[in-house]
Amino acid sequence: MATVAQLALIIALGRARAGVLMPFLYAQIGFGALAGWLLMGDVPDTLSWIGMALIAACGVASAWSHRAPRA
């Protein structure tokens, strides 16, 4: 599943701006944790949740700082 998802993302990056696709990259983190829990019974520990939140927060901060100014 991950290989197909990465291939689809590479194709999408050729057709759309990266800023439009970034939310899908961050959603992969959440869906990966969910799949690990549902399929393998593996729940991320506290440090993993903190890391996931930090990655997502940095992505939001980056998108916020690079947004186009209003005319």
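Q: How do the residues lining the largest pocket divide into nonpolar, polar and charged?

A: Bearing in mind that this is a predicted model, the lining of the largest pocket divides into 8 nonpolar residues and 3 polar ones, with no charged residue in it.

Q: Which residues line that largest pocket?

A: The lining consists of Met 1, Ala 2, Ala 5, Gln 6, Leu 9, Phe 24, Ala 27, Gln 28, Phe 31, Gly 32 and Ala 35. The elements that contribute two or more residues to this lining are α1 and α2, the latter covering residues 18-40, and the largest share, 6 residues, comes from α2.

Q: And how much space lies in it?

A: The largest pocket holds about 280 Å³ of space.

Q: Why does Ala 5 count as partly exposed?

A: Its relative accessibility is 32%, and because the partly exposed class runs between the 20% limit for buried and the 50% limit for exposed, Ala 5 belongs in that class.

Q: Changing topic, what about the second largest pocket: how much space, and which residues line it?

A: About 210 Å³ of space lies in the second largest pocket, and its lining is made up of Arg 17, Gly 19, Met 22, Pro 23, Tyr 26, Gly 59, Val 60, Ser 62, Ala 63 and His 66. Here the elements giving two or more residues are α2 and α3, with α3 covering 46-65.

Q: Stepping back, how many helices and strands does the whole chain have?

A: The protein chain has 3 helices and 0 strands, so that, by the run-based assignment used here, the order from the N terminus reads α-α-α.

Q: What is its radius of gyration, and what would a compact globule have?

A: The protein chain has a radius of gyration of 15 Å, whereas a compact globule of 71 residues would have one near 11 Å. Along the principal axes, its C-alpha trace spans about 50 × 30 × 10 Å.

Q: What share of the residues is buried, and what makes up the accessible surface?

A: Buried residues account for 10% of the 71 residues, and the accessible surface comes to about 6,000 Å², of which 72% belongs to carbon and sulfur atoms.

Definitions and conventions: Residues numbered from 1 in each chain as written. Predicted model: local features only at pLDDT ≥ 70, side-chain atom pairs only at ≥ 80, totals over all residues. Heavy atoms only, no water. Helix = DSSP H or I, 4+ residues; strand = E, 2+ residues; numbered from the N terminus. Rg over C-alpha atoms; globule rule 2.2 N^0.38 Å. Buried < 20%, exposed > 50% of the residue type's maximum accessible area, 1.4 Å probe, protein only. Areas by Shrake-Rupley, 256 points an atom, 1.4 Å probe, with all protein chains shown as cover. 1 Å grid on protein atoms, 1.4 Å probe; cavity = no way out; pocket = protein on both sides within 12 Å on 5 of 7 lines; lining within 4 Å. Points joined across faces, edges and corners; volume = space filled by probe spheres on them. Nonpolar A, V, L, I, M, F, W, Y, C, P; charged D, E, K, R; others polar.
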